[in-house]
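The following exercises ask the reader to work through a protein chain with its sequence and coordinates at hand. Each task is followed by a solution in steps.

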Amino acid sequence: MLLFGGTVQIDSSWTTIVLDANWTTLAGQPVPSVKVTNDGMVHITGAIQFNVNIANNNINGGTPLIARFRPATQIFVAGAPGAAGVSVQTNGVVVAAQAPGQTTVFCNFNGRYPLDL
């Protein structure tokens, strides 16, 4: 659990993930966002599209997640069927995580991860 002054910093509002160039959001789908939930886990969600095959590109390399959303170790959040998931790096960069042999332009993810694992 991430502690600030002895208490978990909970942020029940969503923080938008700033996308790198060539990524676009999908109409009617969740905008890529994160928040810390009441149990100290991070919830990450979003549906985006890249201009060409994803090939494991950074989603937010230019504006990494702030410290309170960064895991202690690299975390993988699975994607929806036929879409890439994401890998959340310890430096706050979220990377589209395409399965071996998969080719897609879509990254659709929704999951939770601990900060202290």
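**Exercise 1. Locate Ser-87, decide whether it is buried or exposed, and list its contacts.**

Step 1. Ser-87 belongs to strand 8; strands (E, at least two residues) are DSSP runs, numbered from the N terminus.

Step 2. The model is a predicted one, in which local features need pLDDT of at least 70 and side-chain atom pairs count only at pLDDT 80 or more, while totals for chains, interfaces and linings use all residues. Residues are numbered from 1 along each chain as its sequence is written, and side-chain values use heavy atoms, with hydrogens and water left out.

Step 3. The relative accessible area of Ser-87 is 6%, so this residue is buried. The classes are buried under 20%, exposed over 50% and partly exposed in between, with a 1.4 Å probe and protein chains only.

Step 4. Not counting residues up to four places away in sequence, Ser-87 touches Gln-74, Ile-75, Phe-76, Val-93, Val-94, Val-95 and Ala-97. Contact here means heavy atoms within 4.5 Å.

Step 5. With Gln-74 there is also a polar contact from side chain to side chain, at 2.7 Å. A polar contact is a pair of N or O atoms within 3.5 Å; within protein, one must be able to donate a hydrogen and the other to accept it, and residues adjacent in sequence count only if both atoms are side-chain atoms.

**Exercise 2. Describe the sheet that has the strand order 7-8-9.**

Step 1. The sheet is open, consists of 3 strands and has antiparallel pairing. Two strands pair if DSSP finds at least two bridges between them.

Step 2. Strand 7 and strand 8 pair over 3 bridges. Ile-75 has Val-88 as its bridge partner, and Val-77 has Val-86.

Step 3. Strand 8 and strand 9 are joined by 4 bridges, and Val-88 stands opposite Val-94 of strand 9. The hairpin of these two strands has 5 residues between them, and Gly-92 there takes a positive phi near 90°.

Step 4. In a regular strand, side chains alternate between the two faces of the sheet. In strand 8 both faces are covered: Gly-85 and Ser-87 are buried on one side, Val-86 and Val-88 on the other.

**Exercise 3. Which residue forms a salt bridge with Arg-112?**

Step 1. Side chains of opposite charge can pair when their charged atoms come close. A salt bridge is a side-chain nitrogen of Lys or Arg within 4 Å of a carboxyl oxygen of Asp or Glu.

Step 2. The structure holds 1 salt bridge. Arg-112 forms it with Asp-39, the closest N and O atoms being 2.6 Å apart.

Step 3. The pair links distant parts of the chain, 73 residues apart: Arg-112 is in strand 10, and Asp-39 is in the loop between strand 5 and strand 6.

Step 4. Arg-112 is partly exposed, at 41% relative accessible area. Asp-39 is partly exposed, at 41%.

**Exercise 4. Where is Asn-57, and which residues does it touch?**

Step 1. Asn-57 is placed in the loop between strand 6 and strand 7. A relative accessible area of 25% makes Asn-57 partly exposed.

Step 2. Not counting residues up to four places away in sequence, Asn-57 touches Trp-23, Phe-50, Val-95 and Ala-96.
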